[in-house]
Amino acid sequence: MIRKAVFAILILGMLCLIKAGNGASSEASLEKAKNTLRSIAERKTALDELRPVQDPDVLTDLAGLLRNLDEPVVLRAHIVEILIESKAEWAFLELKKLLDEASLPSETRRMALYGLWKRDPERIRMELMSLAKDRHEVPELRVGAIGYLGQAEGPWPAGFWEHLHTSKSEAVPVRIAALGSMEELGLWTENHHAALSQMIQDPS
């Protein structure tokens, strides 16, 4: 009995040491990734060391780097890849937070949208449809959402696509994107071809 208790204590102690070691390792890698004096290659290597990490604090710090426009685009794109691959729910939540923050630049929100779509297309489907229809959103984000929907499967709400490309109150890039996605989805007809030609000739 005593031997079993000692054995259990030893295992618990080893697990604590491993956890502490992993924490220290993650912290060191995160500091390297944040260090702007290091080369992009070194920082990307440090980021790669964080791929298995599921600690919410680390994932939040990565999202903070993604938010920072002073960081190189290639580095921010690398962070998006890591958040896509992460099995942690927190990674999804951090990307969603970036997407929902309207005050952020469109570029950052587009990267977050891409990350969400690559992580779980079906889960983000309703969000994409909402963005596509939201006239208060910037056209760049709506066009991105429409493009991803063009790679999804129906069914679609009645009039969803028709409204996007026929309403003259919609931004022209949104209408063109809708026609493009309709073609991808096999919803294209000769009438849509005529509509696109007319839109190009007379965008008003």
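Read along the sequence, the chain runs α-α-α-α-α-α-α-α-α-α-α. This is a predicted model: local features need pLDDT of at least 70, side-chain atom pairs count only at pLDDT 80 or more, and totals for chains, interfaces and linings use all residues. Residues are numbered from 1 along each chain as its sequence is written, and side-chain values use heavy atoms, without hydrogens and water.

**Exercise 1.** State how many helices and strands the chain has.

*Solution.* Helices are DSSP runs of H or I with at least four residues; strands are runs of E with at least two. The chain has 11 helices and 0 strands.

**Exercise 2.** Describe how helix H7 packs with helix H8.

*Solution.* Step one: take the angle and the distance. H7 (residues 125-133) and H8 (residues 139-149) pack at about 135 degrees, and their axes are 8 Å apart. Axes are lines fitted to C-alpha atoms, over the stretch in contact, and angles run from 0 to 180 degrees between N-to-C directions.

Step two: name the arrangement. H7 is therefore oblique to H8. Angles under 35 degrees count as roughly parallel, over 145 as roughly antiparallel, 65 to 115 as roughly perpendicular and the rest as oblique.

Step three: list contact residues (heavy atoms within 4.5 Å). H7 gives Arg125, Leu128, Met129, Leu131, Ala132 and Lys133; H8 gives Leu141, Arg142, Ala145, Ile146, Tyr148 and Leu149.
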